[in-house]
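I opened this notebook page to record what I looked up in the structure, entry by entry. I began with a single residue and then turned to the strands and their pairing.

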Amino acid sequence: MSQNLTDSGALTDDFEEVEVIEPERVVIREGDLSFESTESESVTLHTEIYPQISSGSEVEWIVEDADIVYVDPDGTVTPLRAGQTTIKAVLTGTVMDEINVTVGGSGEGHVHNLILINETKPTCCSTGNIAYWHCEECGLNFKDEAGSEVLQSVVKAIDPDNHAGGTEIRNAAAATAETDGYTGDVYCLGCGQMIRKGEVIGRLTDDDQSGAEVPDGENPDKTDPGISSGSDEFGKTQADSVKTGDLSSYYLCLALLLTSAGIITTVLSGRKRIKR
Ligand SMILES: [Zn+2]
Ligand SMILES: [Zn+2]
């Protein structure tokens, strides 16, 4: 790559299209800022980088006196205390812009009214948060009750292993004299992933069939799509999987059995499909 660069740093024809133009100047578009008081709304600063086709880099915001205003990584300025300070937008060591910021009002300034926000654990479908102290007036989050350290993020990333939102058993099939059954795979309703594979249930022996499974000694192939004879079988399948399952799937199974005959019918018709 380096041999394609000429002495002046310009790129040869081969690489013209991906030429990197170094930024020469950054300008804070809003210019100097003035807040009437600490109660004033936050203002978001924007930058322009010249030449405009230079590859966009993240600007770093630096406040001279962090007690007077707070600037978040997106450039949003929140007044905290009356006074005067400066904010720098720094692109590189030499490319930067600086503005003056004044916060009016009495010198007493904003006193954070902090409430503790408890930690919540992330799950497979939602982010969590660390424990932190939040000021409703200025919207800032702090690491401690004293409000000495501002937190830029309190979010805990999604935890793909912490399944939440309930589970569902899919592809369950009862055993018959001809075919093996299947306890069904357990799926997480939060992220849609299969979290536990089911197990094969051995096909029914003569002993099994002498029970109530086949009423009136009819053709054992005939499956009642209703709940009457099928539900016993289904209930057994569910109970088997519950023994190896976790609590949440147990409660889901219970809820399904108690409240939703419709779902049972669905599973039974699924079973019929598998038989073919
Ligand atoms: Zn505050
Ligand atoms: Zn999940």
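**Entry 1. Lys197.** I first checked how open this position is, bearing in mind that the model is predicted. Lys197 counts as exposed because it has 11 C-beta neighbours inside 10 Å, and the cut-off for that class is 12 or fewer. I then located Lys197 in the loop between strand S18 (194–196) and strand S19 (200–201). I also looked up its distance to Tyr187: the two residues are ten apart in sequence, and their C-alpha atoms lie 8.8 Å apart in space.

**Entry 2. Overall content.** I noted four helices and 19 strands in the protein. Of its 276 residues, 20% are buried. I also looked at the contacts with a separation of 6 or more, and 54% of them join residues 24 or more positions apart.

**Entry 3. The four-stranded sheet.** Which order do the strands of the open sheet of four follow? I read the order as S2-S9-S8-S5, with mixed pairing. The edges are strand S2 (33–35) and strand S5 (60–63), each of which pairs on one side only. On average, neighbouring strands of this sheet are turned by 20 degrees against each other, direction ignored.

I then went through the sheet pair by pair.

- S2 and strand S9 (residues 96–103) run parallel and are joined by three bridges. In this pair I found Phe35 opposite Val103 of S9.
- S8 and S9 are antiparallel, with eight bridges between them. Here Ile87 stands opposite Ile99 of S9. These two strands form a hairpin, and five residues lie between them.
- S5 pairs with strand S8 (residues 83–90) in the antiparallel sense, over four bridges. I noted Trp61 opposite Ala89 of S8.

As background to these pairings, I recorded that strands of a sheet pair through backbone hydrogen bonds, either parallel or antiparallel.

**Entry 4. S3, S6 and S7.** I next followed strand S7 (residues 76–79), which pairs with strand S3 (residues 43–44) over two bridges in the antiparallel sense. Val43 faces Val77 of S7 across this pairing. S7 is also joined to strand S6 (residues 69–71) by three bridges, and the two run antiparallel. There I found Tyr70 opposite Thr78 of S7. S6 and S7 make a hairpin with four residues between the strands, and in this hairpin Gly75 takes a positive phi near 90 degrees.

**Entry 5. The three-stranded sheet.** I found an open sheet of three strands in the order S10-S12-S13, with antiparallel pairing. Its edge strands are strand S10 (114–117) and strand S13 (141–142), each pairing on one side only. Four bridges link S10 with strand S12 (residues 132–135), again in the antiparallel sense. Leu114 is placed opposite Cys135 of S12.

**Entry 6. Glu48.** Is Glu48 buried or exposed? I counted Glu48 as exposed because 12 C-beta neighbours lie inside 10 Å, and the exposed class takes in residues with 12 or fewer. Glu48 belongs to strand S4. Leaving aside residues up to four places away in sequence, Glu48 touches Val27 and Arg29. I also looked up Val26, which is 22 residues from Glu48 along the chain; the C-alpha atoms of the two are separated by 5.6 Å.

**Entry 7. Backbone geometry at Pro51.** I checked the peptide bond from Tyr50 to Pro51 and found it cis, with omega near -10 degrees. Pro51 lies in the loop between strand S4 (47–50) and S5.

**Entry 8. Asn171.** Where does Asn171 lie? I placed Asn171 in the loop between strand S15 (167–170) and strand S16 (181–182). Its phi is near 65 degrees, a positive value in a residue other than glycine. Asn171 has 16 C-beta neighbours inside 10 Å and therefore counts as partly exposed. That class lies between the exposed limit of 12 or fewer and the buried limit of 20 or more.

Terms used: Residues numbered from 1 in each chain as written. Chains lettered and ligands numbered in written order. Predicted model: local features only at pLDDT ≥ 70, side-chain atom pairs only at ≥ 80, totals over all residues. Pairing = 2+ DSSP bridges. Axes fitted to C-alpha atoms, helices over the stretch in contact; angles between N-to-C directions. Contact = placed C-beta atoms within 7 Å.
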